[in-house]
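Biologist: I have a structure open and would like to go through it with you. Can we start with the terms and then look at the parts?

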Amino acid sequence: MTTAIFPGSFDPFTLGHLDVLESALKIFNKVIIAVGYNSKKGKNGFFSVEDRVKIVKDAIKPYGKRVDVCSYKELTIELCKKLNVKFIVRGLRTTTDFELEGVIAQANRVLDPSVVTVYVQASHEYSFISSTVVRDVIIHNGDATPFMPKGVNIKKYLKK
Ligand code: ADP
């Protein structure tokens with residue numbers, strides 16, 4: 001049984017992330033979505049880590065036991081050790097993603113050469129979707145539903 005982790009900020013989880021997850025499920029038996037803190041994006045984020053995990057839970061219901069979610073504060077590579085997982089999945093949209101992801105993967109490889117990073121190419125129809133776009137739509141009182149996986153009622157998580 002091969003398991004991978006799909007780490008990210010997921011602030012919030014979008015249709016783009018779901019697309020990466022679906023590709024990853026063609027390669028791995030099980031995928032664990034790991035919601036982390038991104039030092040560049042600030043400690044707290046737009047949604048709390050607890051809400052980000054709940055949003056992922058809403059999105060992954062159709063996948064049953066093949067997909068799990070957790071949150072983490074340690075280095076991704078430390079989480080891999082803790083969960084005994086040897087594969088990290090990340091998504092690529094643009095050449096910028098490729099360059100940024102390359103740096104992260106190289107660093108992880110130095111930290112633990114036994115862990116392999118696997119990249120999944122974004123589908124054409126979802127490649128423009130990012131958590132940033134979703135947050136911008138929300139901040140400007142737009143409806144972000146078209147960017148969210150089925151089963152996620154994003155309005156539930158917005159503070160009144
Ligand atoms: P991080 O802050 O760690 O980059 P994100 O939640 O922004 O976390 O993204 C997690 C992963 O999902 C990254 O590898 C990112 O490139 C990928 N990703 C995000 N949106 C898309 C998309 N629309 N298509 C493909 N991959 C995506």
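Modeller: Buried means under 20% relative accessible area, exposed means over 50%, and partly exposed is in between, using a 1.4 Å probe and protein chains only. Helices (H or I, at least four residues) and strands (E, at least two) are DSSP runs, numbered from the N terminus. This is a predicted model, in which local features need pLDDT of at least 70, side-chain atom pairs count only at pLDDT 80 or more, and totals for chains, interfaces and linings use all residues. Residues are numbered from 1 along each chain as its sequence is written, and side-chain values use heavy atoms, with hydrogens and water left out.

Biologist: Ok. Which residues of S2 point one way, and which the other way?

Modeller: Lys 30, Ile 32, Ala 34 and Gly 36 point one way, while Val 31, Ile 33 and Val 35 point the other way. Every one of these residues is buried. Since 7 of the 7 residues of S2 are buried, the strand is largely enclosed by the rest of the structure.

Biologist: What order do the strands of the sheet have?

Modeller: The order is S3-S2-S1-S4-S5, in an open sheet of 5 strands with parallel pairing. Two strands pair if DSSP finds at least two bridges between them. S3 and S5 are the edge strands, each pairing on one side only. On average, neighbouring strands of this sheet are turned by 30 degrees against each other, direction ignored.

Biologist: What holds paired strands together, in general?

Modeller: Strands of a sheet pair through backbone hydrogen bonds, either parallel or antiparallel.

Biologist: And how many bridges join S1 to S4?

Modeller: 2 bridges join them, and the two strands run parallel. Ala 4 has Phe 87 in S4 as its bridge partner, and Ile 5 stands opposite Ile 88 in S4. On another side of the story, S1 and S2 pair in the parallel sense over 6 bridges, with Thr 3 opposite Lys 30 in S2. S4 and S5 are joined by 6 bridges and run parallel; there, Gly 91 has Val 120 in S5 as its bridge partner.

Biologist: Now the helices. Which strands does H3 lie across?

Modeller: Helix H3 (residues 76-83) lies across S1, S2, S3 and S4, running at about 150 degrees to S1. H2 lies across S2 and S3, at about 175 degrees to S3. Axes are lines fitted to C-alpha atoms, for helices over the stretch in contact, and angles run from 0 to 180 degrees between N-to-C directions.

Biologist: Next topic, the core. Which residues of the largest nonpolar core touch the most other members?

Modeller: Those are Phe 13, Leu 21, Ile 33, Ile 55, Val 89 and Ile 154, in a core of 35 residues. A nonpolar core is a set of buried Ala, Val, Leu, Ile, Met, Phe, Trp, Tyr and Cys residues joined through side-chain atoms within 4.5 Å. A second, separate core of 11 residues includes Ile 5, Ile 32, Ala 34 and Tyr 72.

Biologist: Last one. How many aromatic pairs does the search find?

Modeller: The search of the whole structure finds 5. Rings of Phe, Tyr and Trp (its six-membered ring) pair if their centres lie within 6.5 Å; planes under 30 degrees apart count as stacked, over 60 as edge-to-face and the rest as tilted. Phe 6 and Phe 10 have ring centres 5.0 Å apart and planes at 85 degrees, so this pair is edge-to-face. Both Phe 6 and Phe 10 are buried.

How values were computed
Contact = heavy atoms within 4.5 Å.
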